[in-house]
Amino acid sequence: MKTIAIMNQKGGVAKTTTCINLAVQAALKGRTLVIDMDEQANLSRQFGVKEPETTIREALLGEKFSPVNVRENLDLIPSSTDLVGIESRLFNELSRERKLEKALKGLKKDYDFIFIDCPSNTSLVTVNALSCSDYVILPIKAEIFSIEGIDHMINFIRMVRDNINDKLSILGIVITQWDERLNVGKDVMDKIKEQKWDTALFQTRIRKNTAVSASQLHHQTIFEYDRKSNGAQDYTALGYEVLERINNHK
Ligand SMILES: Nc1ncnc2c1ncn2[C@@H]1O[C@H](COP(=O)(O)OP(=O)(O)O)[C@@H](O)[C@H]1O
Ligand SMILES: [Mg+2]
């Protein structure tokens with residue numbers, strides 16, 4: 001069983017999109033759970049889950065919760081705006097960084113893969129996600145501003161690893177919304193090489209592709225919406241790379 005968090009403190013970098021499309025591919029290989037930890041609940045909405053009986057909030061509070069089945073072999077722990085304010089609820093609790101880990105204890109044996117969609121911040125919720133993960137995938141948008149946050153994120157991940165979860169490692173950085181016609185792409189690549197992050201980079205870049213955003217409007221995965229699209233091809237390639245890295249890491 002492997003747990004993979006999709007994390008970046010910036011919004012709009014394709015965390016949710018990447019999480020969905022990696023999870024549905026993993027579900028072709030084994031039982032998969034996807035966890036929405038963002039109070040914006042975009043991922044839950046994408047799967048058409050609107051008013052779930054229980055959410056990640058109950059899980060974090062140590063209350064009863066049950067994942068919902070969203071596709072063959074794929075379950076979801078949904079989120080909702082109920083998650084707003086969870087930080088202050090957990091603040092006085094012991095081991096507040098390990099609430100998710102505790103909630104998943106009885107469930108982990110049921111799954112081969114768990115994917116966690118993190119919120120766009122480095123809050124206690126994100127710490128909970130990283131505390132029970134084996135790997136982190138960092139999606140970054142091909143923009144110079146995105147690059148500037150990588151240092152901060154890597155330090156944050158190290159801090160969680162050194163203090164809470166020593167099995168945590170960065171599986172890779174994936175460039176999303178790539179547009180080869182823009183020069184900024186080249187600047188981003190140069191900067192990545194300069195900082196020596198290129199060894200962590202996945203070879204696959206997710207190209208900017210209108211089918212990706214259109215699929216979300218239709219509440220479909222990119223594979224259901226248009227399996228021939230660039231988006232579907234790129235996410236397939238990324239899925240293979242992710243599994244390969246996990247297998248090589250064992
Ligand atoms: N490869 C892509 N091509 C075009 N649009 C994309 C692509 N990836 C993501 N998007 C769009 O970018 C927006 C932000 O993506 P999202 O996954 O919600 O980011 P995050 O979860 O990091 O905030 C969404 O509207 C999504 O449809
Ligand atoms: Mg998101």
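Q: In which strand is Thr3 found?
A: Helices (H or I, at least four residues) and strands (E, at least two) are DSSP runs that are numbered from the N terminus. Thr3 is found in strand β1, which covers residues 2-6. This is a predicted model, in which local features need pLDDT of at least 70 and side-chain atom pairs count only at pLDDT 80 or more, while totals for chains, interfaces and linings use all residues. Residues are numbered from 1 along each chain as its sequence is written, chains are lettered from A and ligands numbered from 1 in the order in which they are written, and side-chain values use heavy atoms, with hydrogens and water left out.

Q: Does Thr3 count as buried or exposed, and which residues does Thr3 touch?
A: A residue is called buried under 20% relative accessible area, exposed over 50%, and partly exposed in between, with a 1.4 Å probe and protein chains only. Thr3 counts as buried because its relative accessibility is 0%. Two residues are in contact when they have heavy atoms within 4.5 Å, and, not counting residues up to four places away in sequence, Thr3 touches Lys108, Ile114, Ile116, Cys132, Ser133, Asp134 and Tyr135.

Q: Where does Phe113 lie, and which residues is Phe113 in contact with?
A: Phe113 lies in strand β5, residues 113-117, and it counts as buried because its relative accessibility is 11%. Leaving aside neighbours within four places in sequence, the contacts of Phe113 include Lys2, Ala26, Gly30 and Leu243. Gly30 is 83 residues from Phe113 along the chain, yet their C-alpha atoms are separated by 7.1 Å.

Q: In which strand does Val136 lie, and how is its burial to be read?
A: Val136 lies in strand β6, residues 135-141, and it is buried because its relative accessible area is 0%. Beyond neighbours within four places in sequence, the residues in contact with Val136 include Ala5, Met7, Leu130, Ile157 and Leu168.

Q: How many residues of helix α6 are buried?
A: Helix α6, residues 124-131, is mostly covered, with eight of its eight residues buried. Among them are Leu124, Asn128 and Ser131.

Q: Where is the place of Asn21, and which residues is Asn21 in contact with?
A: Asn21 has its place in helix α1, and it counts as buried because its relative accessibility is 4%. Setting aside neighbours within four places in sequence, Asn21 is in contact with Thr221, Ile222, Phe223 and Tyr235. A polar contact is a pair of N or O atoms within 3.5 Å; within protein, one must be able to donate a hydrogen and the other to accept it, and residues adjacent in sequence count only if both atoms are side-chain atoms. In the case of Asn21, a polar atom of the side chain lies 3.3 Å from the backbone nitrogen of Ile222.

Q: How many residues surround ligand 1, and which are the closest?
A: A residue is near a molecule or strand if one of its heavy atoms lies within 4 Å of it. Ligand 1 is surrounded by 15 residues, of which the closest are Gly12, Thr16, Thr17, Asn209 and Gln216. An oxygen atom of ligand 1 lies 2.7 Å from a backbone N or O atom of Gly12, an oxygen atom of ligand 1 lies 2.9 Å from a polar side-chain atom of Thr16, and a nitrogen atom of ligand 1 lies 2.9 Å from a backbone N or O atom of Arg207.

Q: Which elements give two or more residues to the shell around ligand 1?
A: Those elements are α1 (15-26) and α10 (210-217). The buried residues of α10 are Ala211, Val212, Ala214 and Ser215, and what covers them includes α1, α11 (222-225) and α12 (230-249).

Q: What is the phi of Ala14, and what is the phi of Ser95?
A: Most residues other than glycine have a negative phi. Ala14, however, has a positive phi near 85°; this residue lies in the loop between β1 and α1 and counts as buried because its relative accessibility is 13%. Ser95 has a positive phi of about 50° although it is not a glycine; Ser95 lies in the loop between α4 (86-90) and α5 (99-104) and counts as partly exposed because its relative accessibility is 46%. A further positive phi, near 55°, belongs to His219, which follows α10.
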